[in-house]
Amino acid sequence: MDRYNQVFENNKKWIKTKTSANKDFFKNMEEGQDPDFLFIGCSDSRVPANEIMGLEPGEIFVHRNIANVVSNIDINVQSVIEYAIEHLHIKYIVVCGHYHCGGIEAAMRPSNLGLLNGWLRNISDVYRTHFDELTAITDFELRYKRLVELNVVEQCLNVAKSASVQKAYWDGKLMGIYGWVYDVGSGELIDLKIDIRSIADKFREIYILYQK
């Protein structure tokens with residue numbers, strides 16, 4: 001059996017597994033979704049959000065793109081954030097990068113990649129912002145890892161710039177914005193313990209859109 005048709009066989013087995021444990025599993029899915037988490041991650045096929053978090057379908061609202069970028073002019077990610085806040089009333093927003101990210105590495109080794117150039121410039125700008133720290137790291141792999149982490153920090157800050165996020169936070173409906181890194185080599189989720197509130201407060205007069 002080829003890989004394409006194998007998918008449908010896998011689907012039948014998955015349905016059987018789910019309904020064996022809970023005969024109303026899919027009936028419950030029809031009722032709607034009530035996730036606590038918005039997960040903004042990388043499109044990389046090695047980073048399956050539900051699996052690495054140990055959660056079931058319906059428990060995570062997911063947006064993925066190359067290198068987990070939260071661009072302020074990307075209507076896709078901004079629509080996802082607003083929908084998650086305003087309609088799903090999620091409690092936690094997570095930006096999750098991962099080590100060995102191809103998008104991050106591509107931004108570190110500049111070359112003409114056509115349509116990708118503009119997208120990767122978001123990451124190049126993170127590199128520029130933290131240039132002194134990163135260039136002080138002489139080992140390429142360690143610098144690569146640190147850029148993955150710093151990119152997560154900057155994308156968390158981009159999330160915090162959203163008016164709907166600020167309103168939900170000040171109204172006590174959003175618990176916080178969290179930055180994680182997934183280590184594809186070990187399977188570990190790493191909480192970077194980013195104090196977004198403290199960082200954002202430094203730039204309050206520039207980015208504040210809502211406050212009580």
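A cavity here is a set of points, on a 1 Å grid over the protein atoms alone, where a 1.4 Å probe fits but cannot get out, and lining residues have an atom within 4 Å of a point. The space in the second largest cavity is about 30 Å³; a volume is the space filled by probe spheres set on the points, with grid points joined across faces, edges and corners. Four of its lining residues are nonpolar, one is polar and one is charged. In this sorting, Ala, Val, Leu, Ile, Met, Phe, Trp, Tyr, Cys and Pro are nonpolar, Asp, Glu, Lys and Arg are charged, and the others, Gly among them, are polar.

The whole structure holds two cavities of 30 Å³ or more. The largest cavity has a volume of about 40 Å³, and its lining consists of Tyr99, His100, Glu141, Tyr144, Lys145 and Val148. That lining has three nonpolar, one polar and two charged residues.

## The model and the chain

This is a predicted model, in which local features need pLDDT of at least 70 and side-chain atom pairs count only at pLDDT 80 or more, while totals for chains, interfaces and linings use all residues. Residues are numbered from 1 along each chain as its sequence is written, and side-chain values use heavy atoms, with hydrogens and water left out.

The protein chain has eleven helices and five strands. Both are DSSP runs numbered from the N terminus: helices are H or I with at least four residues, strands are E with at least two. Among contacts with a separation of 6 or more, 66% join residues 24 or more positions apart; a contact means heavy atoms within 4.5 Å.

## Helix 4

Helix 4 covers residues 75-86, twelve in number, and reaches 16 Å from its first C-alpha to its last, close to the 16 Å expected. The expected span is 1.5 Å times one less than the number of residues. Its buried residues are Val77, Gln78, Val80, Ile81, Ala84 and Ile85. These residues lie on the same side of helix 4 because they cover an arc of only 160° around the axis; the arc is that of the directions from the helix axis to the C-beta atoms. They pack against strand 1 (37-42), strand 2 (60-65), strand 3 (92-98), helix 8 and helix 9.

## The largest pocket

A pocket is an open set of points with protein on both sides within 12 Å along at least five of seven lines. The largest pocket contains about 810 Å³ of space. It is lined by 37 residues, and Leu157, Asn158, Ala160, Ile196 and Ala200 are the closest to its centre. Elements that each supply at least two lining residues include helix 8 (140-160), helix 9 (163-170) and strand 4 (176-182). The lining divides into 19 nonpolar, ten polar and eight charged residues.

## Two residues with positive phi

Ala67 is not a glycine, yet its phi is positive, near 65°. Ala67 lies in the loop between strand 2 and helix 4 and is buried, with a relative accessible area of 0%.

Lys193 also is not a glycine and has a positive phi, about 55°. Its place is the loop between strand 5 (189-191) and helix 10. Lys193 counts as exposed, at 68% relative accessibility.

How values were computed. Buried means under 20% relative accessible area, exposed over 50%, partly exposed in between (1.4 Å probe, protein chains only).
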